[in-house]
Amino acid sequence: MPTAELYVPEVVDMRSRIDFGHFLPQHVKPKDIIVIHSTYSIHDYAYSLDGVVAQFRHYNVCPHYIIDRDGRIIITVDDDCIAYHAGRSTLPGTDRRNVNAEAFGIEIINTPWSAPTPRQYAALLYLTGHLRHRYRIAYIVRHSDISPQLKDDPWMFDWQRFNRALKPQVRPRKKGDRKQETGDSI
């Protein structure tokens with residue numbers, strides 16, 4: 001798996017096209033969770049970004065970010081917005097339920113029969129590293145971790161390998177650093 005330091009993905013901003021599946025609350029609650037999902041287009045070419053977005057529009061759902069098969073990061077929703085991506089959910093080991101208000105959603109375009117590409121893993125490492133640096137992220141979880149009765153994604157995802165690659169991104173806290181040390185469950 002490529003490391004995030006070796007791969008800087010292309011970033012595409014689609015926020016102006018996404019007028020569904022999210023809202024900006026009056027009072028923004030800090031997010032400390034990243035939820036990793038899988039998605040694909042069921043009505044179009046499976047890896048079609050436009051097909052995935054049309055599907056999200058139909059169901060009035062949307063993540064904050066999508067990572068396409070080439071490893072491009074597509075920004076769909078402002079970080080301050082609450083995006084409808086987690087559904088009925090419970091954060092393991094806590095009493096926190098329905099975590100949309102507290103979580104960033106990242107969708108990887110892959111299918112139950114196709115693993116994420118090396119560039120998707122690299123882009124995910126890059127994006128999670130960015131979010132961890134910018135926010136006080138305490139949990140990085142799979143959709144199946146927070147909704148085990150309803151969801152089984154991300155599909156064909158090598159969680160152990162991702163976690164091993166993610167660990168080196170955690171830098172010791174420097175004196176005066178505003179970033180809070182986190183109790184990552186990964």
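C81 is a buried residue of this predicted model, with a relative accessible area of 6%; buried denotes under 20% relative accessible area, exposed over 50%, and partly exposed the range in between (1.4 Å probe, protein chains only). C62 is likewise classed as buried, at 1% relative accessibility. The sulfur atom closest to that of C62 among the cysteines belongs to C81 and lies 9.9 Å away, which is too far for a bond. Accordingly, C81 takes part in no disulfide, a disulfide being defined here as a pair of cysteine sulfur atoms within 2.5 Å. The structure as a whole contains zero disulfides. Residue numbers start from 1 along each chain as its sequence is written. The model being predicted, local features require pLDDT of at least 70 and side-chain atom pairs are counted only at pLDDT 80 or more, whereas totals for chains, interfaces and linings use all residues; side-chain values rest on heavy atoms, with hydrogens and water left out.

Charged pairs were examined next. Side chains of opposite charge can pair when their charged atoms come close. With a salt bridge taken as a side-chain nitrogen of Lys or Arg within 4 Å of a carboxyl oxygen of Asp or Glu, ten salt bridges are counted.

R15 is joined to D13 by a salt bridge in which the closest N and O atoms are 2.5 Å apart. A salt bridge also connects R15 with D78, at an N to O distance of 2.7 Å. This second pair links distant parts of the chain, 63 residues apart: R15 is located in the loop between β1 (11-13) and β2 (22-23), and D78 in the loop between β5 (73-75) and β6 (82-83). Strands (E, at least two residues) and helices (H or I, at least four) are DSSP runs numbered from the N terminus.

The closest N and O atoms of the D50–R17 salt bridge are 3.5 Å apart. R17 counts as partly exposed, at 44% relative accessibility. Elsewhere among the salt bridges, shared partners join K29, D32, R96 and E102 into one network.
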